[in-house]
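What I looked up is noted below in the order I took it.

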Amino acid sequence: MRRPSATFILIISLFMAVQACTGPMENANKALHRGDYKTAYRLFKPLAEQGLPLAQYNLGVMYYNGQGVPKDFAEAAEKAGMSYEALL
């Protein structure tokens with residue numbers, strides 16, 4: 001009987017890791033696009049705290065537009081600045 005190769009196991013592991021990372025971001029984006037701003041905020045916030053620039057940017061836009069959060073231009077600018085700095 002042949003055992004699975006290490007390459008196959010590595011590929012499956014990487015595939016599962018990528019899905020685990022993209023899942024919350026994808027769910028947050030879906031919530032944002034369907035107008036479920038409370039859910040989008042709840043999902044984006046921990047991702048932004050982890051330093052994901054797109055999550056930080058989206059939170060900034062939500063604060064700028066008052067989507068699911070009180071409109072706050074200072075907070076919007078801070079989140080936008082964080083996303084910019086993360087990309088440098």
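Entry 1, burial and helix α4. I count a residue as buried when its relative accessible area is under 20%, and as exposed when that area is over 50%. I keep in mind throughout that this is a predicted model. By that cut-off I find Glu75, Ala76, Lys79 and Ser83 to be the buried residues of α4. Looking down the axis of α4, I see these buried residues fall within an arc of 105°, so they line one face of the helix. An α-helix has 3.6 residues a turn, so residues three or four places apart point the same way. I then asked what the buried residues of α4 pack against. They pack against α3, residues 53–65. On the other side of α4 I note Ala74, Tyr84 and Glu85 as exposed.

I also checked the length of α4, which covers residues 73–87. Its 15 residues should span 21 Å at 1.5 Å a residue, and I find the end C-alpha atoms 21 Å apart, which agrees. At the start of α4, I find a side-chain oxygen of Asp72 within 3.1 Å of the backbone nitrogen of Ala74.

I count four helices and zero strands. The order of elements from the N terminus is α-α-α-α. The chain has 88 residues, and 27% of them count as buried. For the accessible surface I get about 6300 Å², with 63% of it belonging to carbon and sulfur atoms. Among contacts with a separation of 6 or more, I find that 32% are between residues 24 or more positions apart.

Which residues of α2 are buried? I list Thr39, Ala40, Leu43, Phe44, Leu47 and Ala48. In α3 the buried residues are Ala55, Gln56, Asn58, Leu59, Gly60, Met62 and Tyr63. I looked at what comes after each helix too. α2 is followed by Gly51, with a positive phi near 100°. α3 is followed by Gly66, with a positive phi near 70°.

I place Leu32 in helix α1, residues 6–33, and Asn58 in helix α3. Is Leu32 buried or exposed? Its relative accessible area is 16%, so I count Leu32 as buried. Asn58 is buried as well, at 9% relative accessibility. Leu32 and Asn58 are 26 residues apart in sequence, and I find their C-alpha atoms 8.9 Å apart in space.

Leaving aside neighbours within four places in sequence, I find Leu32 in contact with Tyr37, Ala40, Phe44, Asn58, Met62 and Gln67.

How many aromatic pairs does the structure hold? I count two. One of them is formed by Tyr41 and Tyr63: the pair is edge-to-face, at 6.2 Å centre to centre and 85° between the planes. This pair links distant parts of the chain, with Tyr41 in helix α2 (residues 37–49) and Tyr63 in helix α3, 22 residues apart. Tyr41 is partly exposed at a relative accessible area of 21%, whereas Tyr63 is buried at 12%.

Where does Val69 lie? I find it in the loop between α3 and α4. Its relative accessible area is 11%, so I count Val69 as buried. Not counting residues up to four places away in sequence, Val69 touches Tyr41, Met62 and Tyr63. Tyr41 and Tyr63 are the partners of the edge-to-face pair in the previous entry. I also noted the distance from Val69 to Lys38: 31 residues apart in sequence, and 7.8 Å apart in space, C-alpha to C-alpha.

Note on methods:
Residues numbered from 1 in each chain as written. Predicted model: local features only at pLDDT ≥ 70, side-chain atom pairs only at ≥ 80, totals over all residues. Heavy atoms only, no water. Helix = DSSP H or I, 4+ residues; strand = E, 2+ residues; numbered from the N terminus. Expected span 1.5 Å × (residues − 1). Buried < 20%, exposed > 50% of the residue type's maximum accessible area, 1.4 Å probe, protein only. Arc of directions from axis to C-beta. Contact = heavy atoms within 4.5 Å. Polar contact = N/O pair within 3.5 Å; in protein donor to acceptor, adjacent residues only side chain to side chain. Areas by Shrake-Rupley, 256 points an atom, 1.4 Å probe, with all protein chains shown as cover. Phe/Tyr/Trp six-rings, centres within 6.5 Å; stacked < 30°, edge-to-face > 60°.
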